[in-house]
Amino acid sequence: MPSRRTLLKGLALAAAASAVPLPAFAEAGYVPPLRQMRGMWIASVVNINWPSKPGLSAEEQKAEYLAWLDVAVQRKLNSVFVQIRPTADAFWPSPYEPWSQYLTGTQGQDPGYDPLGFAVEETHKRGLAFHAWFNPYRVSMQADPAKLHPDHPGRKNPDWILPFGGKLYYNPGMPEVRKFCQDAMMDAVTRYDIDGLHFDDYFYPTNTTAFDDAEEFAKYGAGFPDLASWRRNNVDLMVQEMQQRVLAEKPEIAWGISPSGIWRNKGTDPLGSETNGGQSYDNLHADTRGWVKKGWLDYIAPQLYWYIGQPPADYSKLVPWWSDVASGTNTLLWIGQAAYKAGDPAQAPEWQVPGELSRHLTLNREHPEIGGDIWYNANDVKVDRIGSVSTAVNDHYQRPALAPVLPRLAGGEPPRRPVLAYAKRVRSGGVEVRAVATGRDEPFLFAVFRLDRHAGSGDFADARNLVAVVPGDRQVHWTDPDGERGDHYYVMAVDRANRTSRPSNGFRAI
């Protein structure tokens with residue numbers, strides 16, 4: 001087994017030869033972030049991830065979901081983004097839309113339990129945040145309205161839906177449709193203990209007159225110079241109104257969107273990025289840059305699904321562009337990472353290099369506006385073709401990390417300082433820590449810090465001292481397998497908004 005010094009020397013030589021940056025643990029003086037979004041998308045549409053196929057029993061579905069949480073914990077993530085409304089349907093008993101066909105194989109059929117309720121509860125037991133992922137307008141992956149459930153809103157209101165590209169969509173140009181979609185999504189938000197409301201990148205299906213909303217444009221489009229401007233305003237209204245409803249009804253949760261990665265190309269708009277790809281502003285009528293600048297989102301997570309140096313969309317060009325967009329705003333910036341491309345033999349040679357995704361996260365560190373990453377999708381995070389995900393995890397997730405705090409919630413009252421009852425060596429090895437909450441509210445998490453000395457005020461902002469993030473209760477027992485007699489321990493309580501208490505009293509392990 002080579003020594004650490006030999007390993008680091010070899011890494012340095014390899015990096016110099018290939019111009020690939022050193023991994024995080026090899027960089028002298030690097031301070032990892034105490035707060036970082038580390039998420040993955042769990043997709044349900046066409047049974048991409050969960051459930052793996054329709055018609056599984058309730059117990060089989062539950063077991064599969066718990067296995068996905070195991071993957072998240074194994075990869076040192078702190079959040080999952082779970083698709084609970086993939087096609088104008090529901091993974092909970094919704095009064096607005098039918099049960100999803102991806103549960104039982106039959107739209108409208110009760111799966112025999114509440115998947116959303118189960119998923120939220122189990123996710124929180126692991127100390128993970130649950131972000132509810134909704135597709136706002138997609139109605140069906142096929143184009144025949146007669147195949148929808150008889151009680152589906154699209155069957156009861158046939159003028160609400162439009163076919164396009166072999167699928168069905170709600171018409172975003174109708175105010176009553178927009179309100180209905182919001183009501184349907186907010187039902188899950190208000191009834192369940194979720195941590196976030198999340199949209200993906202599907203708005204209008206494409207920039208084409210084949211999406212036949214000419215009648216609605218004639219009715220509602222007065223004052224707009226063209227169809228595209230009117231459509232863009234319809235999407236703007238959805239985004240702005242969703243923010244208003246979240247703030248009014250569940251202000252403690254995060255509201256954000258993961259759009260396609262290119263707003264506009266510089267060749268089209270001087271404010272655009274140095275790219276030459278599909279433009280969300282024009283193609284999907286999604287003014288993603290405008291949403292950030294207008295403060296309509298808590299976070300944005302652009303899907304930068306390209307490798308470093310890729311023409312016509314270079315990851316290394318889009319990262320600084322998005323960082324500049326987010327700079328000076330209260331919108332957090334997280335990056336959508338293409339775990340699904342790494343090691344896929346159908347992809348370019350650059351995606352066959354195990355360190356490509358790790359290089360992305362190394363580049364991100366040059367831009368302090370970036371507060372973390374979300375990986376697509378869960379299966380690729382699990383399968384880890386060519387070791388690309390585990391390489392990124394080993395290089396960049398060496399230390400635990402708390403999820404970010406939304407700027408608008410940062411000033412809220414933090415949890416009460418816990419009491420550290422003891423830290424003592426145990427016969428089996430390591431140090432057992434026991435902390436007790438002192439406030440009325442039960443903490444969501446406890447953050448455990450270990451130092452070789454008494455802590456100073458700056459030590460609690462340094463993730464090198466953070467040894468564990470443990471799911472909360474009135475009290476917590478946790479054993480540090482690497483703890484030694486004489487180590488100094490401290491604990492912070494963490495609430496659901498990720499705010500931390502003042503550190504507990506210190507305790508020197510005996």
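Of the 510 residues of the protein, 56% count as buried. The structure is a predicted model, with an average pLDDT of 93 and 94% of the residues scoring at least 70.

Where pLDDT is low, the predicted coordinates should not be read in detail.

As to the overall fold, the protein contains 14 helices and 18 strands. Its radius of gyration is 24 Å, which agrees with the value near 24 Å that a compact globule of 510 residues would have. Of the contacts with a separation of 6 or more, 72% join residues 24 or more positions apart. Further values for the whole protein are tabulated below.

| Property | Value |
|---|---|
| Span of the C-alpha trace along the principal axes | about 75 × 55 × 40 Å |
| Accessible surface | about 20,800 Å² |
| Distance between the mean positions of positive and negative charges | 7 Å |

Carbon and sulfur atoms account for 50% of the accessible surface. The charges comprise 54 positive and 59 negative ones.

One residue may be described individually. Gln-36 is located in the loop between helix H1 (4-18) and strand E1 (37-42). Its relative accessible area is 12%, so Gln-36 is buried, as the cut-off for that class is under 20%. Leaving aside residues up to four places away in sequence, Gln-36 touches Asn-78, the glycines Gly-371 and Gly-372, His-396 and Tyr-397, as well as Ala-401, Leu-402, Ala-403 and Pro-404.

Methods. Residues are numbered from 1 along each chain as its sequence is written. This is a predicted model: local features need pLDDT of at least 70, side-chain atom pairs count only at pLDDT 80 or more; totals for chains, interfaces and linings use all residues. Side-chain values use heavy atoms; hydrogens and water are left out. pLDDT is the predictor's confidence in each residue, from 0 to 100. Helices (H or I, at least four residues) and strands (E, at least two) are DSSP runs, numbered from the N terminus. The radius of gyration is taken over C-alpha atoms; the globule rule is 2.2 Å times the number of residues to the power 0.38. Buried means under 20% relative accessible area, exposed over 50%, partly exposed in between (1.4 Å probe, protein chains only). Contact means heavy atoms within 4.5 Å. Accessible areas come from the Shrake-Rupley method with a 1.4 Å probe; for residues, only the protein chains shown count as cover. Lys and Arg count as positive and Asp and Glu as negative; His and the chain ends are not counted. The place of a charge is taken as NZ of Lys, CZ of Arg, CG of Asp or CD of Glu.
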